Amino acid sequence: MTSINFALIGLDHWYSAVPLAHGLSAHPETTLQLIVDRDPRRGRVLADELGVRFTTSVAEALADPGIEAIGSFPSVDENPQVCIDAAEAGKHVVSVKPVARTLQEASAVVRAVEEAGVQFIPAESRSRMTAQNQRLLELVRSGALGEIVSADFALCGVLPKAWHDSDSPGWWVEEARAPGGAWIDHSIYQIDRLRWLLGQEPVDVVGVTANLRYPELAVEDYGHAIFTFDGGVVATMEDTWTGAEGAWRITTTLNGTSGSLAIDTINSRTTVLRASGGAPSGWVELDPLPDDSDLIQPLVDRIRGKHNALGTVRDAWRNLAAARAFYDAAASGARRRVPVPEDETDETHDLVKGVHR
């Protein structure tokens with residue numbers, strides 16, 4: 001089977017772009033041929049390390065007939081045009097998260113991708129394919145926890161860096177280039193994961209944003225949302241950049257009518273409580289499973305037309321729609337409805353859920 005030739009466009013979102021570059025270079029079914037970045041210093045260093053070509057020209061990568069797919073990882077303000085141009089050039093796309101700053105931009109990407117008939121994989125959906133999240137899906141969908149009624153997600157993070165050796169957060173805190181601050185930086189993953197795990201869509205949200213540690217920033221360093229999903233689940237999502245260096249921690253809780261599940265990244269523990277005959281069994285620790293989201297094989301499979309749990313361009317739109325509704329709610333101090341695509345019906349949503357479980 002021939003290798004899929006990739007170009008990586010943009011290193012602004014380097015936390016994801018650099019691991020992806022290494023993964024594409026090492027996988028037997030992919031070949032990273034070209035790295036594109038506005039900064040020759042950092043771009044050439046990575047290209048030389050991996051033994052691939054480097055250019056500052058996006059047009060050069062998109063005009064190359066030998067490149068079949070691109071990873072688009074510039075700052076979010078630049079991402080929509082890269083995705084649109086790539087789709088129009090007939091290239092499959094792995095896109096940075098979120099896909100755009102606004103729903104208008106995201107809608108333009110959806111149109112371009114669907115008109116071109118190329119595959120589009122939003123980066124926030126890649127964690128669906130980890131062994132740990134596949135186990136979570138089985139626990140939720142099998143009914144082992146009963147009917148899920150509530151969920152809780154909290155992430156204590158630190159201020160991002162413009163590059164691994166930078167003292168500045170760079171574009172991440174520039175209001176004109178970023179879609180938001182600490183909250184959307186990581187909640188976009190949880191929005192996608194809950195939509196997928198629950199098979200439900202968020203319908204409304206309330207929440208707050210604040211600058212608790214970095215009052216000088218143009219974007220928030222703290223955000224807390226409460227979403228209601230169309231199946232009745234209520235989910236909270238708290239994401240921050242307020243932690244001290246090294247304070248990184250993520251906790252996840254799912255509560256059902258017959259049990260609960262809890263994950264804490266400090267000790268990599270996943271514990272489950274199940275009720276049997278009305279009596280609780282006590283918390284039981286599950287064997288740890290890998291939660292590495294830098295997986296290449298699912299990307300290869302999707303590009304080759306195989307259905308799997310990875311998200312689509314429509315998922316990217318819906319994830320952003322939920323995030324934008326949160327920011328509207330926080331700014332207004334009132335509950336806000338989550339927008340839905342104008343051309344999607346409830347029947348379409350049910351079909352998409354069935355295909356991409």
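**Entry 1. Ground rules**

I count two strands as paired if DSSP finds at least two bridges between them. Helices (H or I, at least four residues) and strands (E, at least two) are DSSP runs, numbered from the N terminus. The model is a predicted one, in which local features need pLDDT of at least 70 and side-chain atom pairs count only at pLDDT 80 or more, while totals for chains, interfaces and linings use all residues. Residues are numbered from 1 along each chain as its sequence is written, and side-chain values use heavy atoms, with hydrogens and water left out.

**Entry 2**

I started at Asp204. This residue stands opposite Thr228 in S9. Asp204 also stands opposite Arg337 in S15. I then looked up the strands behind these two pairs. Strand S8 (residues 202–210) runs antiparallel to strand S9 (residues 222–229), with eight bridges between them. S8 also pairs in the antiparallel sense with strand S15 (residues 336–337), here over two bridges.

**Entry 3. Strands S7, S11 and S12**

I followed S11 to its two partners. Strand S7 (residues 148–156) is joined to strand S11 (residues 249–256) by eight bridges, and the two run antiparallel. In this pair Leu155 stands opposite Ile250 of S11. S11 is in turn joined to S12 by six bridges, again antiparallel. Thr253 stands opposite Ala262 in S12. S11 and S12 form a hairpin, and two residues lie between them.

**Entry 4. The six-stranded sheet**

I next wrote down a strand order. Six strands make an open sheet in the order S3-S2-S1-S4-S5-S6, and their pairing is parallel. Its edges are strand S3 (53–55) and strand S6 (120–122), each of which pairs on one side only. From one strand to the next the twist averages 20 degrees. For one pair I noted the detail: strand S1 (residues 4–9) and strand S4 (residues 69–72) run parallel and are joined by four bridges. Ala7 has Ile70 of S4 as its bridge partner.

**Entry 5. Helices H1 and H2**

I took axes as lines fitted to C-alpha atoms, for helices over the stretch in contact, with angles from 0 to 180 degrees between N-to-C directions. The axes of helix H1 (residues 14–26) and helix H2 (residues 40–50) come within 11 Å and cross at roughly 25 degrees. H1 and H2 are therefore roughly parallel to each other; angles under 35 degrees count as roughly parallel, over 145 as roughly antiparallel, 65 to 115 as roughly perpendicular and the rest as oblique. H1 makes the contact (heavy atoms within 4.5 Å) with Val18, Ala21, His22 and Ser25, and H2 with Leu46, Glu49 and Leu50. I sorted the residues by class: four are nonpolar, two polar and one charged. Here Ala, Val, Leu, Ile, Met, Phe, Trp, Tyr, Cys and Pro count as nonpolar, Asp, Glu, Lys and Arg as charged, and the others, Gly among them, as polar.

**Entry 6. Helices H7 and H9**

Helix H7 (residues 182–198) and helix H9 (residues 313–332) have axes that come within 9 Å and cross at roughly 125 degrees. That angle makes H7 oblique to H9. This crossing, of H7 and H9, is right-handed. From H7 the contact takes Trp183, Ile184, Ile188, Ile191, Asp192 and Arg195, and from H9 it takes Asp315, Arg318, Asn319, Leu320, Ala322, Ala323, Phe326 and Tyr327. By class I list nine nonpolar, one polar and four charged residues.

**Entry 7. Two backbone points in loops**

I checked Pro98. The peptide bond from Lys97 to Pro98 is cis, and its omega is near -15 degrees. Pro98 is placed in the loop between strand S5 (92–95) and helix H5 (103–116). I also checked Ser268. Its phi is near 60 degrees, a positive value in a residue other than glycine. Ser268 lies in the loop between strand S12 (259–264) and strand S13 (269–276).

**Entry 8. What the record lists**

I read the UniProt features last; their positions are in the numbering used here, the names are shortened, and annotations may be inferred rather than shown by experiment. UniProt lists "domain: Gfo/Idh/MocA-like oxidoreductase N-terminal" (unreviewed entry) at residues 4–121. Over residues 4–121 I note 46% helix and 22% strand, with the end C-alpha atoms 15 Å apart. UniProt also places "domain: GFO/IDH/MocA-like oxidoreductase" (unreviewed entry) at residues 134–261. Residues 134–261 are 20% helix and 34% strand, and their end C-alpha atoms lie 14 Å apart.

Conventions. Left-handed = near helix turned anticlockwise from the far one by under 90°.
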